[in-house]
Amino acid sequence: MPTVYFVDADGNQFEATVDAGTNVMEAAVENFIDGIIGECGGVMSCATCHCYIPPEWQSKIPAPSEQEEDMIDMVLEPQDNSRLSCQIEVTDELDGLVVHMPKTQF
């Protein structure tokens, strides 16, 4: 089972072991990680699962869709590495993935 590391805006790190096939938003919600809410349940209508993915992980996840990019345009403090965690499926290749959460979601 892959492990995902969630890092809050203060640098605190939280570890979650999840089943492959789960998306990062679900992993956070199921493991009671503050900072990723996922109000819409993963249908890209709220962006409350906004996160930042470090550059070293960018090549291991699919590029964002046009719809995801449109939602990211509406978040507070978007960055070049902003993603919606509901759109990132955890795979065995993503074991050790680091996900940073924006201060605006706490």
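Guide: Start with E68 and R83, whose side chains form a salt bridge with an N to O distance of 2.8 Å. The term here asks for a side-chain nitrogen of Lys or Arg within 4 Å of a carboxyl oxygen of Asp or Glu. Under that rule the count is 1 salt bridge. E68 belongs to helix α3 (residues 66-72) and R83 to strand β4 (residues 82-84), so the pair ties together parts that are 15 residues apart in sequence. Both ends are tucked away: E68 is buried at 2% relative accessibility, and R83 is buried at 3%. Buried is under 20% relative accessible area, exposed is over 50%, and partly exposed is in between, with a 1.4 Å probe and protein chains only.

A word on where this comes from: it's a predicted model, in which local features need pLDDT of at least 70 and side-chain atom pairs count only at pLDDT 80 or more, while totals for chains, interfaces and linings use all residues. Numbering runs from 1 along each chain as its sequence is written, and side-chain values use heavy atoms, with hydrogens and water left out.

Zooming out, the protein has 3 helices and 5 strands, in the order β-β-α-β-α-α-β-β from the N terminus. Those are DSSP runs numbered from the N terminus: helices are H or I with at least four residues, strands are E with at least two. The radius of gyration is 12 Å, close to the 13 Å that the globule rule gives for 106 residues, so the protein is as compact as a globular protein of that length. That radius is taken over C-alpha atoms, and the rule is 2.2 Å times the number of residues to the power 0.38. Buried residues account for 46% of the 106.

Now the nonpolar side of things. The largest nonpolar core has 30 residues, and F6, I36, I53, L84, L97 and V99 touch the most other members. Such a core is a set of buried Ala, Val, Leu, Ile, Met, Phe, Trp, Tyr and Cys residues joined through side-chain atoms within 4.5 Å. β1 (3-7), α1, α3 and β5 each put in at least two residues, and α1 gives the most, with 4. Leaving out residues up to four places away in sequence, F6 has contacts that include F14, V24, I36 and V99; contact means heavy atoms within 4.5 Å.

β1 also pairs with strand β2 (residues 13-17), antiparallel over 5 bridges. Two strands count as paired if DSSP finds at least two bridges between them. Y5 sits opposite E15 in β2, and in the hairpin's 5 residues between the strands, G11 has a positive phi near 90°.

Q105 is buried at 14% relative accessible area, and a polar atom of its side chain lies 2.5 Å from the backbone oxygen of G35. Among the residues Q105 touches, sequence neighbours up to four places away aside, are G35, I36 and A47. A47 is worth a click too: this non-glycine residue has a positive phi near 65°, in the loop between α1 and β3, and is buried at 11%. M44 is another non-glycine residue with a positive phi, near 60°, and is buried at 10%.

Methods:
A polar contact is a pair of N or O atoms within 3.5 Å; within protein, one must be able to donate a hydrogen and the other to accept it, and residues adjacent in sequence count only if both atoms are side-chain atoms.
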